[in-house]
Amino acid sequence: MAADSDPESEVFEITDFTTASEWERFVSRVEEVLNDWKLIGNSGGKLSPEKGEYTSGTWEEKSQEINFADFKFSITHYFLKQECEKDDGKDELKEDTFPLAMQDLLCMNNDFPPRAHCLVRWYGIREFVVISPGTNCEAIISESKCNLLLSSISISLANSGCQVPMFVQIQQKWRRMYTGECQGPGVHTDFEMVHLRKVPSQYNHLSGLLDIFKSKTGCTLSPLPPINIAIRFTYILQDWQQYSWPQQPPDFDTLLGGEVGGVEFGKLPFGACEEPISELHLATTWPHLTEGIVVDNDVYSDLDPLQAPHWSVRVRTVDNPQCLLGDFLTEFFKLCCRKESTEEVLGRGLAEEEGKENSDISAALSKLTEPAATVPISKLSVSNMVHSARKHIRRHRRIDESPLNSDILNSILLYLFPDAAVEKSSENSKSKTAQSNACGKTEQDKTSDYNLFLQLKSAPSDSLTYRLALCVCLVNFYHGGLRAVAHLWQEFVLELRYRWENNFLIYGLAGGPPDLRCCLLHQKHQMLNCCIERKRARDEARKVLEGNKDREHRLSSGCQNTRPVQESTTATTTSSSSTREVSPGKSWDSWSDSEDEFFECLSDQAEMETSHTDEGKDGSKIKAEGRMHPYNNMVLLNSTELLYVPVTQEPAPMTEDLLEEQSEVLAKLGTSAEGAHLRARMQSACLLSDMESFKAANPGCVLEDFVRWYSPRDYVEEEVVDEKGNKMVKGELSSRMKIPGNMWVEAWETARATPARRQRRLFDDTKEAEKVLHYLAMQKPADLTRHLLPCILHAAILKLKEEESVEDIPSVKKTIQQVTYQASKLLHHPNHDYKKLEDFINQLMAMETVITRARSLKAKFAIGEGEKRETTEELEKFVSSLLEEPEVVVIGAGQGPAGRIIHRLFVNAQRAALLAPLDEDLGHARTEDKKPTVGSSNMPDFPFPAGREILLRTCVPRPAPYSKALPQRLFCVLMKEEFRLAGAFSSDTSFF
């Protein structure tokens, strides 16, 4: 007893046999997942699947991860989304109803679905669960592990009462090997599979496969229940050699000689450079056959594809085929990321040459200011020196160093500036050209395509900027890439400078101030055009003024002797300049370095003229200048003279970057009183100019008169009664105008009576033009492409719309609308997101690919080549369906319009493979015999099937003759390097 009471003698090992093993935990976890997904109990109550529902319906899946010890598995539930059958008061489902999967085994509505999970195609089931090894886990290869997993799912199904079939993926994943089972009340279905590399010779036909199926079912009944047979043979067509190129062959006589798909300037190329359709798959189907109807053994076969009752076609496309528009956009987009300047691209030597020539230009300008010039002015013009510099550069640059061929460069410049080809004899012709160009698209403005530039912030499709973008894109792709773009841009800027110096309006730009809805580069071009217009208008006014003076002095001979020296000098200069060789419209004031000095000179002349006139009138009255017309018959407050609307200066046009700079300057002045006062002074330049013009047009006026015209709301009128009792209207300035230190009062006091033509310009066109030209010259090729990117995307969308309208593809039309909206958001952002723009370009390329596929198919099916209207419409519908659906049924099978064309395609491919004459060479025989030419007995019309699928179904008692009659199914796949049998065999577990 003492020994027993010893504590050490009571220590012993306790084994707890209730602790679950890893296998039991795995089984329990599977059951939990089935419960969570509500897959427990009877699976009936759903409608039978309609014909084609497996393809058109919505398939869903949900997945979870489970572990078997440290091995990860993924369990996934696949199911077709369906509505449950409505309860019409019928009795509840019987307990012994077959599971849904067993009913699907015999259903014939969805044989050979074109797009579905492989288990759906092999077994025809609409709901199942798959357990597969997790990612980066080894495959289940050993037989013991496979059996362990099968035991696990069998126990899980039995414990949970789940009637959804469950599969386990075994062997390597590429083999797509599955095994599984389905349990129901008193029934059980085993899903088995065989997969071999080669087809055994004894099973290479229907009769051998029927032997396998019969032996597996083991039915001893006599006669045997009928076996339903469905057969599909798939033929593949890969040879398109007899069809023309997808692109036009190169035309070596053009400037773009040797380029596939070459187009003229101003057009983007389009289409694939290779065949976008790689294969055409023809599936010939016999859906309902029985064993005695058809013979297919190792000696003879009745299965002629031309006799098949059902034909269906699918096409396999080339992934990302090379397409011209996509290549253009991609290469253009790559330029945006380059960092080289024009100087670095074209070489230092060229920059040095330009610097040398620029020094000559500055010397020319200094010579122009000398009192006596020894050479004609026309020889010293800035534009003349620029063009001599250009000639000098070309003379010293070797031919092989020139990035752009001179012929191509001249053609591009002529396309950009077509008015350069027309000989202009007068300034009127130039102005007419600009006017007609500005208003030539009034009707087109109404179209959505033309107004697309407003959404994309690009430029109108008939503008210079738009054409420049197309040329840069073309030059970049075909004629030298970055160096050619830099060369073109340099020549373009020189051309703009030439036009500025010679008063030629820039072709292809609408009149008026810069349109802030367009891209910045287009605004810069419009700003330069505004400068040219202002300079031309000033020169015209100057000429008219001088002409009037000449006429006055001719009429008054006595005044000729007293003519001011300065005026005489100016007149002489004008007369000499009118005969110079430079383009018409160029006047002496254009050569002045400082426009302020020019206006001071005009002011002195005008004062002299005014005083001379006043002396003639004894100084009795001040002369009014710069009047337009009376303003609403109003009278000045302090006199009986009418109030006239003055001629005023137009406000200075501005581009969006100048507006941004101005707003930043004004914001930096701060919120202090001094800053606010300075800000108001800066913003009142236009007000001061208008006040001076008003004073000149209305001598003797007061501030109240100006306010009545300029801001009527600030002049308050009311009726009052005078001392005599008469009613009269009395007016006064508003309270805002009476505030001490009001800017309007200060400006009125400082304003002089000066007409607009003698005021300092609000808009210094010379300064602004030079700023624009300097801005353009400083742009790197990458900066240029970033500016032009919206225009290129605009052109690409228009090209896609144009090509889609020819092919009429609804899906592409819808996508174009979506991407246009997307582009409007991307391009209106001040800082472009280039990653998103790259994705956007990829979307445009995808649409181009779809259109080229449609075009290729239409060419192959000879749509529009002398066919009847009904036939053409049917073929067009067939081709459009091929692009949008996974598989398309051929109406009429081999005897329909599409079927006959497909048959001819295969016949021609067979002949081409065997070097036999093509179908086109047998045209004389076709004219005599209307029936399609069939291949000779030595040459079959169709190749050997690339794939044969045979589906066998029956319903027999198993395992014993007295068992329930249950569905049995065997799906057979026979290919060149694959042989697969997928069987589902049901057994009665109650009566066996």
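Visitor: How do the axes of helix α14 (residues 464-478) and helix α26 (residues 781-807) cross, and within what distance do they come?

Guide: Two packed helices are described by the angle between their axes and the distance between the axes. In this predicted model, where residues are numbered from 1 along each chain as its sequence is written, local features need pLDDT of at least 70 and side-chain atom pairs count only at pLDDT 80 or more, while totals for chains, interfaces and linings use all residues. Side-chain values use heavy atoms, with hydrogens and water left out. Here the axes of α14 and α26 come within 9 Å and cross at roughly 95°, the axes being lines fitted to C-alpha atoms, for helices over the stretch in contact, with angles running from 0 to 180 degrees between N-to-C directions. The two helices are therefore roughly perpendicular to each other, given that 65 to 115 degrees counts as roughly perpendicular, under 35 as roughly parallel, over 145 as roughly antiparallel and the rest as oblique.

Visitor: How many helices and strands does the chain have, and what share of its residues is buried?

Guide: The secondary structure comes to 31 helices and 17 strands, taken as DSSP runs numbered from the N terminus (helices H or I, at least four residues; strands E, at least two). Of the 992 residues, 46% count as buried; buried means under 20% relative accessible area, exposed over 50%, and partly exposed in between (1.4 Å probe, protein chains only). Among contacts between residues at least 6 apart in sequence, 73% join residues at least 24 apart.

Visitor: How many aromatic pairs does a search of the whole structure find?

Guide: Rings of Phe, Tyr and Trp (its six-membered ring) pair if their centres lie within 6.5 Å, and planes under 30 degrees apart count as stacked, over 60 as edge-to-face and the rest as tilted. The search finds 32 aromatic pairs. In one of them the rings of Phe 112 and Phe 971 have their centres 6.0 Å apart and their planes at 55°, so the pair is tilted. This pair links distant parts of the chain, 859 residues apart, with Phe 112 in the loop between α3 (100-106) and α4 (118-123) and Phe 971 in strand β16 (residues 965-975); both residues are buried.

Visitor: How far apart are the ring centres of Phe 706 and Tyr 710?

Guide: Their centres are 4.7 Å apart and their planes lie at 20°, so the pair is stacked. The two residues are 4 apart in helix α23 (residues 703-710), which means a separation of about one helical turn. Phe 706 is buried at 0% relative accessibility, whereas Tyr 710 is partly exposed at 31%. Ring pairs also link Phe 694, Phe 706, Trp 709, Tyr 710, Trp 744 and Trp 748 into a cluster.

Visitor: What should I look for in the backbone angles?

Guide: Most residues other than glycine have a negative phi, and most peptide bonds are trans. Asn 632, in strand β10 (residues 627-635), has a positive phi of about 50° although it is not a glycine, and Asn 632 counts as exposed at 58% relative accessibility. Ala 893, in the loop between β14 (888-890) and α30 (897-913), likewise has a positive phi, near 50°, but counts as buried at 8%. A cis peptide bond, with omega about 10°, joins Arg 958 and Pro 959, and Pro 959 is found in the loop between β15 (947-957) and β16.

Visitor: Which residues does Thr 342 touch, not counting residues up to four places away in sequence?

Guide: With that exclusion, Thr 342 touches Ala 486, Gln 779 and Pro 781. Thr 342 lies in helix α8 (residues 342-346) and counts as buried at 15% relative accessibility. From C-alpha to C-alpha, Thr 342 and His 487 are 7.9 Å apart in space, although 145 residues apart in sequence.

Definitions and conventions: Contact = heavy atoms within 4.5 Å.
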